[in-house]
Amino acid sequence: MLRTRDPQHLLATAAVLLFALAAFLIHYLSPGVYDLGDGIYHYQIARYSWVHPHLLLDHWGKPFYTLLCSPFAQFGYTGAVVFNIICASSTLWIITRIASRFQLPFPAAAALLAGFAPLFFDVSISGLTEPLFGLVLSGAVLLIVNGKFKAGALLVSFLPFVRTEGFLLLPLFGVLLLYRRQWAAVLLVGAGTLLYSIIGGIAKGDFLWVIHNNPYKGAEEIYGRGSIYHFLGNNEVILGTAGVILFAAGTLFFVYRFFAKQKTHAFVPEEIWLVYGTFFTYFVAHSIFWRFGLVGSLGLLRVIAAVSPMAALVALSAFRNMERTGAKTKTVLTVLVVVACAGNMIQTLRQSMIPFKIENDFVPIVAVSEYINPKLKPATIVYAHHPYLVHLLNRDPFEETTTRNYWILYNDSASLKPGSYILWESHFGPDCGWTREKVEGMKGITLEKTFRGTYEETRANGEKEWPEVRLYRVE
């Protein structure tokens, strides 16, 4: 184990602090944000949950994330980013402890390989749910590895309320706990679901609301589908080149050891089920979701960042195997570790387009907000759907008397109030069934101004989109 005066402990601490400092600096220097859609909306749900308590049980918003992030979100979007950087930094520290428990060499390297994996670094500077998912998952693994089975089971039971994929990982913990004959802990794996079902049953009148309020029903018609190799083909974007090479080596060594007649290293069930098992289950599941267009996958690469810390532990195991299979000296391994970590850091800082700029899809949203903000009065009704646009208008998206989304527009389109505005944009407009032609076919509206991005984009589902916002005034 890492001890306070152990050089590996100091290196691990330095690695985590380096990540945290870099993340805070990038956020401070960025005029834009990493994710102006889901990331902003998660932040908005957390921020306004203190005004609209029903948001604490918003299924799409992820109740456990909303609960923990909400105090930070009261300080604005930066508060939500600070929360995520704390989650990500804590995750990195935890996996160095896990690495030490599994007797992996260079535990500090786990923090650098995970922290500076391109997508993990990016999502840590956002309002997205992946960093908290990584923290809950890694925290539960460490607790169980340390023999604190009940605490680990209780913590991981809330994983599905950070990201829904958590339900896929709960059986892995259940199997491991059954193997360890921890009968009470097995039951606690369902504690989070039971608790939220009861709370929701009292608040909503439906004790099966977790099932009935599934926000991804029917999403297949909107988000499309793609290749089953989509995530595999983008491996370097997810883990970085050095991360991919080491991950492949660690996996191949694992397979070799598993089938070898002479075992060079005793298998630890926790490593098999909770490290390899969680990563591959999550990765394969998302590959299948995108191939068959299930549960609103949209092929978003960033979702893998939720389990990339587990991939870093697999990658680190490559060095353990090199050591055991006769790598020349520890000096050679140390050089390899330094090169791998430095390579990932450089690649991430070059590849991730940081600091986050205001470009293309940002451009029309920022432009229309700057144009219309001076015109708006508190009582002016605005129809706007894009989370970042509503954020720049400094409005509560859940206060529907003055700020209304496109779904509400369906019911209001026949009786729009004169003086109100419709801010149609090319991303969420069509997704919500409001094409530009449909909006312009409405009576009593006038196109006041059009704002466009700088180039055409290809969305994850392969469709072309030229970012655009059209401002309509109701006469």
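The model is predicted, so local features need pLDDT of at least 70, side-chain atom pairs count only at pLDDT 80 or more, and totals for chains, interfaces and linings use all residues. Residues are numbered from 1 along each chain as its sequence is written, and side-chain values use heavy atoms, without hydrogens and water.

**First stop**

Select helix 3 (residues 63–73) and helix 4 (residues 77–101), whose axes come within 7 Å and cross at roughly 125 degrees. Helices here are DSSP runs (H or I, at least four residues), numbered from the N terminus. Axes are lines fitted to C-alpha atoms over the stretch in contact, with angles from 0 to 180 degrees between N-to-C directions. The two helices are therefore oblique to each other; this term covers angles other than those under 35 degrees, over 145, or 65 to 115. Contact (heavy atoms within 4.5 Å) is made by Y65, L68, C69, F72 and A73 of helix 3 and G79, A80, F83, N84 and I86 of helix 4.

**Second stop**

Next, select helix 9 (residues 166–179) and helix 17 (residues 269–292), which pack at about 160 degrees with axes 9 Å apart. Helix 9 and helix 17 are therefore roughly antiparallel. Among the contact residues are L168 and F173 of helix 9, and W273 and F289 of helix 17.

**Third stop**

Finally, select C87 and C69. Their sulfurs are 8.0 Å apart, too far for a bond. The structure holds zero disulfides (cysteine sulfur pairs within 2.5 Å). C87 is buried, at 3% relative accessible area, and C432 is buried at 4%; buried means under 20% (1.4 Å probe, protein chains only).

Note on methods: Buried means under 20% relative accessible area, exposed over 50%, partly exposed in between (1.4 Å probe, protein chains only).
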